[in-house]
Amino acid sequence: MLWRRNLFAPLAALALAVTASAGAGTAAAATDTTAVAAASSAASPTASAADDFGAPGPYATAVEVGAITTLYYPRDIADSDRRHPVIVWGNGTGGVPLVYRDLMLHWASQGFVVAAANTPMSNLGISMRASIDMLTGRNADRGSIFFDRVDLEHIGASGHSQGGAAAIVVGSDPRIDTILPIQPGPLANINAVRVPALLLAGQRDSIVFPALVKAFYNAADHIPALYGEVRGADHFTVVGDPGPFAAPTTAWFRAQLMGDRAAGAQFFGPGCGICTDTATWSDVRRNNLALSVPAATP
């Protein structure tokens with residue numbers, strides 16, 4: 001467990017620093033066992049072009065901090081005219097959802113309900129699965145703002161470091177439709193996953209070396225799998241401002257969970273967008289099953 005010990009201290013310190021600087025954006029009043037934050041983003045419906053996946057989406061966002069799960073979601077979800085897909089998230093060792101707040105809010109602004117497990121030790125994926133159970137209950141509760149507004153037929157799993165390994169672990173759950181592990185730790189078995197995978201590494205990651213992420217990719221010859229190595233990224237580039245991770249992760253989930261064809265073209269077909277973007281990527285690989293996926297139907 002050496003990688004866990006090496007990662008715990010910097011992530012825990014960073015969590016405290018982000019907490020201190022976040023201010024009123026995450027302050028909340030307790031209601032039973034749940035604390036609810038007011039709207040934390042006011043993105044305009046015209047804030048981004050349809051194919052600018054790194055720009056804020058059309059939804060203002062809100063945060064709900066519970067005992068097990070922190071939810072990031074479209075603020076007016078109760079009045080939405082659609083059901084919103086789900087992303088379950090696992091933190092790195094010693095981390096909390098607040099550490100990844102900017103990425104969670106970005107996904108929520110794009111129309112996703114993000115259920116981030118509060119645990120700093122997420123590898124087993126227990127809290128991530130519990131998040132799906134919780135949202136299933138909230139979606140069926142007529143008194144909930146989430147009543148009939150959660151798309152439980154389209155669920156993705158993601159996470160960073162130890163949480164990236166958890167995304168792979170949870171990927172064996174039949175309710176999961178795709179996984180997106182970010183710099184995943186080694187304690188997972190991708191052979192149990194039966195859904196498409198985008199595995200992200202950092203070129204300069206000295207904690208989870210790119211070779212470790214490539215090992216998962218190489219083992220994933222039974223599913224459509226892609227490997228993307230973010231140029232110049234270290235292990236903590238995704239923390240705080242997610243920078244180069246925001247656009248591709250959003251595009252992947254829009255393609256896989258929303259059927260967005262423009263987003264799918266970033267990964268599939270002969271015009272694969274990430275395959276030619278050498279400014280963002282130092283290495284991109286697609287296995288044979290991914291190569292057989294047409295861009296129009298990711």
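Trainee: At what angle do helix H2 and helix H6 pack?

Mentor: In this predicted model, helix H2 spans residues 101-109 and helix H6 spans residues 246-258. Their axes lie 11 Å apart, and the packing angle is about 40°.

Trainee: How is the orientation of H2 and H6 to each other classed?

Mentor: Angles under 35 degrees would count as roughly parallel, and those of 65 to 115 as roughly perpendicular. The angle between H2 and H6 is about 40°. The two helices are therefore oblique to each other.

Trainee: Which residues of H2 and H6 make the contact, and how do they divide into nonpolar, polar and charged?

Mentor: H2 passes H6 in a right-handed crossing. From H2 the contact draws on Leu-103, His-106 and Trp-107, and from H6 on Ala-246, Thr-249, Thr-250 and Phe-253. These residues divide into 4 nonpolar, 3 polar and no charged.

Trainee: Why are the buried residues of H5 placed on the same side of the helix?

Mentor: Helix H5 covers residues 210-219, and its buried residues are Pro-210, Val-213, Phe-216 and Tyr-217. An α-helix has 3.6 residues a turn, so residues three or four places apart point the same way.

Trainee: Against which elements do the buried residues of H5 pack?

Mentor: The partners of these buried residues include one helix and several strands. They are helix H4 (162-170), strand E9 (197-202), strand E10 (225-230) and strand E11 (281-286).

Trainee: How many residues of H4 are buried?

Mentor: H4 is mostly covered. Its buried residues are Gln-162, Gly-163, Gly-164, Ala-165, Ala-166, Ala-167, Ile-168 and Val-170. The count of buried residues in H4 is 8 of 9.

Trainee: Is Ser-161 buried or exposed?

Mentor: Ser-161 lies in the loop between E7 and H4, and its phi is near 60°, a positive value in a residue other than glycine. Most residues other than glycine have a negative phi. The relative accessibility of Ser-161 is 0%, below the 20% cut-off. Ser-161 therefore counts as buried.

Trainee: What is the relative accessibility of Asp-148?

Mentor: Asp-148 is placed in the loop between helix H3 (126-140) and strand E7 (150-160). Its phi is also positive, near 60°. Asp-148 counts as partly exposed, with a relative accessibility of 26%.

Trainee: How far apart in space are Thr-136 and Asp-151, C-alpha to C-alpha?

Mentor: Thr-136 belongs to helix H3 and is partly exposed, at 36% relative accessible area. Thr-136 and Asp-151 are separated by 15 residues in sequence. Their C-alpha to C-alpha distance in space is 9.4 Å.

Trainee: Which residues is Leu-71 in contact with, leaving aside its neighbours within four places in sequence?

Mentor: Leu-71 sits in strand E4 (residues 69-74) and is buried, with a relative accessible area of 1%. Leu-135, 64 residues away in sequence, is 9.6 Å from Leu-71 in space, C-alpha to C-alpha. With those neighbours set aside, the contacts of Leu-71 are Ala-62, Val-63, Glu-64, Val-114, Ala-115, Met-134, Leu-135, Arg-138 and Phe-146.

Trainee: Among contacts between residues at least 6 apart in sequence, what percentage join residues at least 24 apart?

Mentor: The protein has 9 helices and 11 strands, and 53% of its 298 residues count as buried. For contacts between residues at least 6 apart in sequence, the share joining residues at least 24 apart is 67%.

How values were computed
Residues are numbered from 1 along each chain as its sequence is written. This is a predicted model: local features need pLDDT of at least 70, side-chain atom pairs count only at pLDDT 80 or more; totals for chains, interfaces and linings use all residues. Side-chain values use heavy atoms; hydrogens and water are left out. Axes are lines fitted to C-alpha atoms, for helices over the stretch in contact, and angles run from 0 to 180 degrees between N-to-C directions. Helices (H or I, at least four residues) and strands (E, at least two) are DSSP runs, numbered from the N terminus. Angles under 35 degrees count as roughly parallel, over 145 as roughly antiparallel, 65 to 115 as roughly perpendicular and the rest as oblique. A crossing is left-handed if the near helix is turned anticlockwise from the far one by less than a right angle, and right-handed if clockwise. Contact means heavy atoms within 4.5 Å. Ala, Val, Leu, Ile, Met, Phe, Trp, Tyr, Cys and Pro count as nonpolar, Asp, Glu, Lys and Arg as charged, and the others, Gly among them, as polar. Buried means under 20% relative accessible area, exposed over 50%, partly exposed in between (1.4 Å probe, protein chains only).
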